[in-house]
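The following exercises ask the reader to work through a protein model step by step. Each task is followed by a worked solution.

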Amino acid sequence: MIRRALACACALAWATAAWAADTAANGATRCTYSTSQWDVVRRAPSHGQAIDKPYAAVTADERDPADPRCSVCREDQVRIEPARLGWPHVAPFQVCAIYAADVRTALQTVASSGGFRIEEVVGYRVGRTRGPIVDGLRTQWSNHSFGAALDINARHNGLYGSCDIPAVSREALASCKLRVGGPWDPTKRPNTTITAASSLYRAFHRFWRWGGEIAGGTRDMMHFSPSGY
Ligand SMILES: [Zn+2]
């Protein structure tokens with residue numbers, strides 16, 4: 001029993017040491033990022049801050065708990081250029097380096113399979129937008145903070161809260177509250193609305209989960225990430 005406990009402690013120490021790295025994914029020795037906290041009363045970002053510190057000083061809190069190779073640092077992100085992947089009108093965005101290859105492949109797959117039109121993608125965006133509220137401000141990083149999430153076509157794939165529905169449909173979502181983005185209506189806008197039958201879903205669901213299918217009171221129809229949250 002003791003030996004097993006020691007072995008676990010060693011493994012953890014090794015893993016932590018392995019990610020107490022001096023350089024970012026792009027080789028930089030600094031970590032820079034701009035961050036804010038979501039003000040739940042004003043419904044807007046607040047307390048903006050620009051950080052510039054040695055990469056070696058990145059804390060465990062600044063790393064993705066699901067995969068410490070992703071952090072809030074710009075230097076751990078890779079720029080994705082949709083224009084080179086079949087989407088000339090879509091602006092560049094950033095994702096954590098470890099997801100860049102999968103995201104590029106998915107964008108190319110959707111472009112070549114047709115039937116879905118990507119208009120806008122938001123990836124890396126640092127901010128404390130979830131978790132407990134203290135003094136009207138959210139306190140935990142979103143998965144976008146680590147470059148481990150994408151929002152696609154927010155105008156037609158809103159984030160709904162206060163949901164108590166077994167599955168997604170336009171009728172069911174009408175009982176939820178639209179909090180961010182525009183209403184979800186695949187009948188009205190079949191080419192830009194994400195559904196489980198869309199080519200976009202199939203391409204991204206190969207490696208990530210969709211925020212439309214997560215358990216709980218939120219349906220984040222624009223959102224893909226490793227956990228769906
Ligand atoms: Zn999102």
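**Exercise 1. Determine the strand order of the open sheet of three strands, and identify its edge strands.**

Solution. The model is a predicted one. Step one is to read the order of the strands, which is E12-E11-E14, with antiparallel pairing. Step two is to look for strands that pair on one side only; these edge strands are E12, residues 177-180, and E14, residues 219-220. Step three is to examine one pairing in detail. Strand E11, spanning residues 159-161, pairs with E14 in the antiparallel sense over two bridges. Within this arrangement, Leu159 stands opposite Asp220 of E14.

**Exercise 2. State which residues touch the most other members of the largest nonpolar core, and which elements give two or more residues to this core.**

Solution. As background, nonpolar side chains in soluble globular proteins tend to be buried together. The largest nonpolar core of this model has 48 residues, and those that touch the most other members are Leu107, Ile118, Leu200, Phe204 and Phe224. Next, the contributing elements are listed. Two or more residues come from each of the strands E1 (30-39), E6 (93-96) and E10 (150-152), and likewise from each of the helices H2 (100-113), H3 (170-173) and H4 (199-204). Helix H2 supplies the largest share of the core, five residues. Leaving aside residues up to four places away in sequence, Leu107 touches Ile80, Leu85, Trp87, Phe93, Ile118 and Phe204.

**Exercise 3. Find the three disulfides, and decide for each whether the link is left-handed or right-handed.**

Solution. A disulfide is a covalent bond between the sulfur atoms of two cysteines. The solution treats the pairs in turn.

- Cys31 and Cys73 are joined with an S to S distance of 2.1 Å. The angle about the S-S bond is -95°, and the link is left-handed. Cys31 lies in strand E1 and Cys73 in the loop between strands E4 (67-71) and E5 (77-80), so that distant parts of the chain, 42 residues apart, are linked. Both Cys31 and Cys73 are buried.
- Cys70 and Cys96 are likewise joined, at 2.1 Å from S to S. The disulfide is left-handed because the torsion about its S-S bond is about -90°. Since Cys70 belongs to strand E4 and Cys96 to strand E6, the pair ties together parts 26 residues apart in sequence. Cys70 and Cys96 are both buried.
- Cys163 and Cys176 have their sulfur atoms 2.1 Å apart. With 120° about the S-S bond, this link is right-handed. Cys163 is in the loop between E11 and H3, whereas Cys176 is in the loop between H3 and E12, 13 residues away. Cys163 and Cys176 are buried.

**Exercise 4. Name the protein donors of the zinc ion and describe their spacing in sequence.**

Solution. The donors are His144 through NE2, Asp151 through OD and His223 through ND1, at 2.0 to 2.1 Å from the zinc ion. In sequence, the donor residues follow the spacing H-x6-D-x71-H. Of these residues, His144 and Asp151 are buried.

**Exercise 5. Classify Lys53, Glu62, Asp185 and Arg170 as buried or partly exposed, and state how they pair in salt bridges.**

Solution. Side chains of opposite charge can pair when their charged atoms come close.

- Lys53 and Glu62 meet at 2.7 Å, N to O. Buried means under 20% relative accessible area. Lys53 is at 16%, and therefore counts as buried; Glu62, at 5%, is therefore buried also.
- Asp185 pairs with Arg170, their closest N and O atoms being 3.7 Å apart. Because Asp185 is in the loop between E12 and H4 and Arg170 in helix H3, the pair ties together parts 15 residues apart in sequence. Asp185 counts as buried because its relative accessibility is 10%, whereas Arg170, at 43%, counts as partly exposed.

Note on methods:
Residues are numbered from 1 along each chain as its sequence is written. This is a predicted model: local features need pLDDT of at least 70, side-chain atom pairs count only at pLDDT 80 or more; totals for chains, interfaces and linings use all residues. Side-chain values use heavy atoms; hydrogens and water are left out. Two strands pair if DSSP finds at least two bridges between them. Helices (H or I, at least four residues) and strands (E, at least two) are DSSP runs, numbered from the N terminus. A nonpolar core is a set of buried Ala, Val, Leu, Ile, Met, Phe, Trp, Tyr and Cys residues joined through side-chain atoms within 4.5 Å. Buried means under 20% relative accessible area, exposed over 50%, partly exposed in between (1.4 Å probe, protein chains only). Contact means heavy atoms within 4.5 Å. A disulfide is a pair of cysteine sulfur atoms within 2.5 Å. Donors are N, O and S atoms within 2.8 Å of the metal (3.2 Å for Na, K and Ca); water is not among the atoms, so sites may look incomplete. A salt bridge is a side-chain nitrogen of Lys or Arg within 4 Å of a carboxyl oxygen of Asp or Glu.
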